[in-house]
Amino acid sequence: MPIRKVMKANEAAAWAAKLAKPKVIAAFPITPSTLVPEKISEFVADGELDAEFIKVESEHSAISACVGASAAGVRTFTATASQGLALMHEILFIAAGMRLPIVIAVGNRALSAPINIWNDWQDTISERDTGWLQFYAENNQEALDLILIAYKVAENEKVLLPAMVGFDAFILTHTVEPVEIPDQELVDEFLGEYEPKYAYLDPSRPITQGTLAFPAHYMEARYTVWEANENARKVIDEAFAEFEKRFGRKYQKIEEYRTDDAEIIFVTMGSLAGTVKEYVDHLREQGIKVGAAKMTVYRPFPIEEVRALAKKAKVIALLEKNITFSVGGALFQDFSRALINESEKPKIVDFILGLGGRDVTFRDLDEALAIAQKALNGEAVDEVNWIGLRKEIL
Amino acid sequence: MAESPFKADIERVQKEYSEKMTPGAIATIPGSSVVNKTGSWRVFMPEFNRDKCVRCYLCYIYCPEPAIYLDEENYPVFDYDYCKGCGVCANECPTDAIIMVRETK
Ligand code: SF4
Ligand code: SF4
């Protein structure tokens, strides 16, 4: 029987790692995800997880150790956030290019400067071009589940890409909720053993990994990373379906909430989705036709699902805790790409909010709604809007 | 010019590598250094004067690639596919049998 325990998302991530039985965990502490490796080191010390726990001197080394271990042919895990993830940056490309299915848990946190340890998504969003798969959890249960799903997808032969699972700093990492811990046996059946076909060390079968590629081969190698990302779309759907069958919890790349007759759909990710669903309920009581959609999968970007969503609304209001300079938020660019050649498309309005742990309140959402309603009425609005900005101190 | 003694190896590796890109661009058999022809980025190339050579093999020993092998009469032969033009051989040669000349393509 699965057991239910009250825990933080950090612990949920550690439990997910324990259930996935990685052979090597390498980690360096960083706020807000320090508790993840701490908890795993307890599991290892208590003999509950049979793994090599490598204490490294930086995140750069943590991911490098994971690359080495994964290239040797075993399941690996690490956790980080913010500057720690940024310090991994160059190795993230290497992990994806070498097609190593490493899984990272990321406590989504703002980037310096100024130094800020609180939540936004700038850390993982900044790594969207590395080739890694990206999942975002709304709550602690999702943090656990998505890590298991991430392994399932990452290790699929058609994918073989590393994956990161983001959960909001403090809002989730340090807040307790009841989380169901699935049975080990069921997880074992779901994930199976990691048996790499190519990337493993065997002295009787010498290979070279991390090769040099001249111009004659580099482009093809990069294309295969692109192709693997494309393949991941279908594999993710299959993994979600299988997860639902075994564990009863349903996941979708884009989860819709009260969208059917909605004129305005708020799209967001992570824990903010919970707030937005509440807000939608609140507006619906007033007869305002709004819906919400949550991006569970951000890379590969679910283009088809976005197109289907866009058909349902007159205005898509993107609520983003990240900023991509000159063009707005990252979702704004991605949605633009998905919809640019559609014959009929909704207006897309972008909202930047909640950076660096700023609370997103109903009052902020009212501000966004007012702009979205203007757009709905055909009035001109700014494409990119900063919500809750304290203009008086600027 | 005498044929490279590694011709068969080179052909085997080249065939393997040109067939299919593996996930992660893994080289599934050893020998990727054979396929990656370092000679392509050379600016200067060694020019060999057989008459001056005393067959001391210093060039052969010092070549870092190693792009020098010996022919049937034990004279050095330069494999320009892999010679990267570093000039070590020319510097080591006691008789100036090797000089570096600018390569034109
Ligand atoms: S120039 Fe350098 S690489 Fe070329 S043959 Fe001489 S020592 Fe070898
Ligand atoms: S170092 Fe000069 S003399 Fe000696 S073998 Fe080479 S070319 Fe001949």
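Biologist: Into how many nonpolar, polar and charged residues does the shell around ligand 2 divide?

Modeller: In this predicted model, the shell around ligand 2 contains one polar and one charged residue, and the rest of its division is nonpolar. There are 14 residues surrounding ligand 2, and the closest include B:Cys53, B:Cys56, B:Cys59 and B:Cys93 as well as B:Tyr57. The nonpolar count for this shell is 12.

Biologist: Which helix gives the most to the lining of the largest pocket?

Modeller: The lining comprises 20 residues, with A:Trp226, A:Asn229, A:Glu230, A:Arg233 and A:Arg299 lying nearest the centre of the pocket, and it divides into six nonpolar, three polar and 11 charged residues. In chain A, α9 (215–247), α11 (303–310) and α12 (330–339) each supply at least two of the lining residues. With six residues, the element that gives the most is α9(A).

Biologist: Which three residues supply 35% of the area that chain A buries against chain B?

Modeller: The contact between the chains involves 17 residues of chain A and 16 residues of chain B. Together the two chains bury about 1300 Å², with 69% of that area on carbon and sulfur atoms. Of the area that chain A buries, the three residues that supply more than any other three are A:Tyr198, A:Thr208 and A:Phe214.

Technical notes
Residues are numbered from 1 along each chain as its sequence is written. Chains are lettered from A and ligands numbered from 1 in the order in which they are written. This is a predicted model: local features need pLDDT of at least 70, side-chain atom pairs count only at pLDDT 80 or more; totals for chains, interfaces and linings use all residues. Side-chain values use heavy atoms; hydrogens and water are left out. On a 1 Å grid over the protein atoms alone, a cavity is a set of points where a 1.4 Å probe fits but cannot get out, and a pocket is an open set with protein on both sides within 12 Å along at least five of seven lines; lining residues have an atom within 4 Å of a point. Helices (H or I, at least four residues) and strands (E, at least two) are DSSP runs, numbered from the N terminus. Ala, Val, Leu, Ile, Met, Phe, Trp, Tyr, Cys and Pro count as nonpolar, Asp, Glu, Lys and Arg as charged, and the others, Gly among them, as polar. A residue is near a molecule or strand if one of its heavy atoms lies within 4 Å of it. Contact means heavy atoms within 4.5 Å. Buried area is the accessible area (1.4 Å probe) that two parts lose on being put together, summed over both.
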